[in-house]
Amino acid sequence: MLDPHPDDPESLREGAEAPPPGVALMAGVRWLLLLGTLAAACFSWWSYARAEPVAVQHAPKYRCPMHPQITAHEPGECPICHMALEPIPADEAETVYRCPMHPQIQQAEPGSCPICHMDLEAVAAEAVAVSPDMPAGTAAITLGLDRLQAIGARIVVAAEREFAAELRSAALTEFSEDGAARVHVRAAGFIEKIAVAETGVRVRKGQVLAEYYSPEIYQAQAELLAAHSWSGPVVGAARQRLELLGLSSAQVDRILKSGKPDRTTPVVAPASGVVVARTAVLGAYVQPEEPLYELREDHALYLVAELPAAQAAAVRKGTKGHVRFTSRPALDRDVAVDLVYPSVAADSRSVRVRMPLDNDDRALVAGMPAVVSFVQPSETGVAVPRDAIVDAGNQPYVFVDAGGGRLVPRPVVLGARDAEFVRVREGVSAGERVVAGATFLVDAESRLRAALIPASPASSPAAPFLESASHPDPHAGHAGHAE
């Protein structure tokens, strides 16, 4: 076809010019690039989908029994302890890989940690699983013997042991409740003399504590003297009135003999004891409802101990015990419980237990500290060291060595205990191995593992980061061509 003549008016008409050369070629190249990008994306997806089965297929089959982080595909020996590698059980064949410094970094195939670039260790997936039988918030962990020794922990064997149970508790001496007395006046008046002005003083029954002037008592004395000259039943009524106001018969006889009333009336102790409180002040106006003194008898005291509510059931009325006074060892003696208080203290969750003490020689005083111990019937059972128990407040548990460095938290029911061991009623059998010492560090690792290790590697919080680091986006390098 011939090109139009440049001078031809028809050739200069708008929109009639021919497309530039090479347009069809560029369109073909563009479609080839798009097809190539699509093929690369499909190949990358196929390679990634095929990678996980390969990793599982080539999972390590042997490991060191002392250093489970040392694994291999073929038999050999451990480079650390030179022990022969043992086959990994079939139920632990599924393996995940984690960083020894950052346990939250894990994946389903070998590699290096994107944080510290250390090689990931192979760990059985079953070893990091969280079981519903474990205490809440904990998970099984795997720690080698070298790591346990580094943190101060040790592996001990649970064994049968006889416990000579002894229940001990701190105690204090208190005044006997049946020896309390309060001193009141029976008519209002004014204190004019104080005979006993200190607390802690021991007084006897009938001893004068104070003297006070009462207008009512003074008038009653005058009426008695006036009626005495008349004799008859009036005298008896006046005399009885004075006795009801607190005067003794001897005081009334003395008033009749002297022929004049006494200005003050003595306040006497109604019983013997120690003055523990005093409100009487010289010149004070007192009324019958106000106590002037409080007395407590100290010829017999009480020893009161507070026992944990869970252990108080072993103590009842008549239970024998031995009390040791920390400040006066010579006063140690045997005691017997005479009352278990029928209530539990709300603040300390404890039960009060009372034991009477003879104190005829007045060697004991109220408030003396002591330690009381009750001997319980001996019992035999599986025992573990006291430092093997992890008590988080809800359910005590121990870490049982399941072999290969795998430590499994297991709830236990505790019984009697002594200075070194505690009986495990349920949860641990004789011959099982448990972790003792530094269990708080093992428990911290277990709780961290439970919080960070998911049920499957794909759901790990670090999985998106690991996937982006191990498998870059295949489309990233071709973004410009896809537009």
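User: Which residue in strand 29 stands opposite Ala 383?
Analyst: Start with the strands, which are DSSP runs (E, at least two residues; helices are H or I, at least four), numbered from the N terminus. Strand 25 (residues 379-385) and strand 29 (residues 421-426) run antiparallel and share 4 bridges, and two strands count as paired if DSSP finds at least two bridges between them. Opposite Ala 383 you'll find Arg 423.

User: What kind of model is this?
Analyst: Residues are numbered from 1 along each chain as its sequence is written, and side-chain values use heavy atoms, with hydrogens and water left out. Local features need pLDDT of at least 70, side-chain atom pairs count only at pLDDT 80 or more, and totals for chains, interfaces and linings use all residues, since the model is predicted.

User: How many bridges join strand 10 to strand 24?
Analyst: Strand 10 also runs antiparallel to strand 19 (residues 300-308), joined by 5 bridges, and there Thr 173 stands opposite Leu 303. On the strand 24 side, Ser 169 has Val 372 as its bridge partner. Strand 10 (residues 166-175) and strand 24 (residues 369-375) run antiparallel, and the bridge count is 7.

User: Is Asp 401 buried or exposed?
Analyst: Asp 401 is found in strand 26 (residues 397-401), and its side chain reaches the backbone nitrogen of Gly 403 at 3.0 Å. Beyond four places in sequence, its contacts (heavy atoms within 4.5 Å) include Ile 155, Arg 406 and Arg 433. Buried means under 20% relative accessible area, exposed over 50%, partly exposed in between (1.4 Å probe, protein chains only). At 17%, Asp 401 is therefore buried.

User: What is the geometry of the aromatic pair of Tyr 397 and Phe 399?
Analyst: Both residues are buried, Tyr 397 at 1% and Phe 399 at 0%. Rings of Phe, Tyr and Trp (its six-membered ring) pair if their centres lie within 6.5 Å; planes under 30 degrees apart are stacked, over 60 edge-to-face, the rest tilted. This pair sits 6.0 Å centre to centre with 75 degrees between the planes, making it edge-to-face.

User: Which Arg has its charged end over the ring of Tyr 302?
Analyst: A charge sits over a ring if NZ of Lys or CZ of Arg is within 6 Å of the ring centre and within 35 degrees of the ring normal. Over Tyr 341, at 5.0 Å from the ring centre, it's Arg 352. Over Tyr 302, at 4.2 Å from the centre, it's Arg 354.

Definitions and conventions: Polar contact = N/O pair within 3.5 Å; in protein donor to acceptor, adjacent residues only side chain to side chain.
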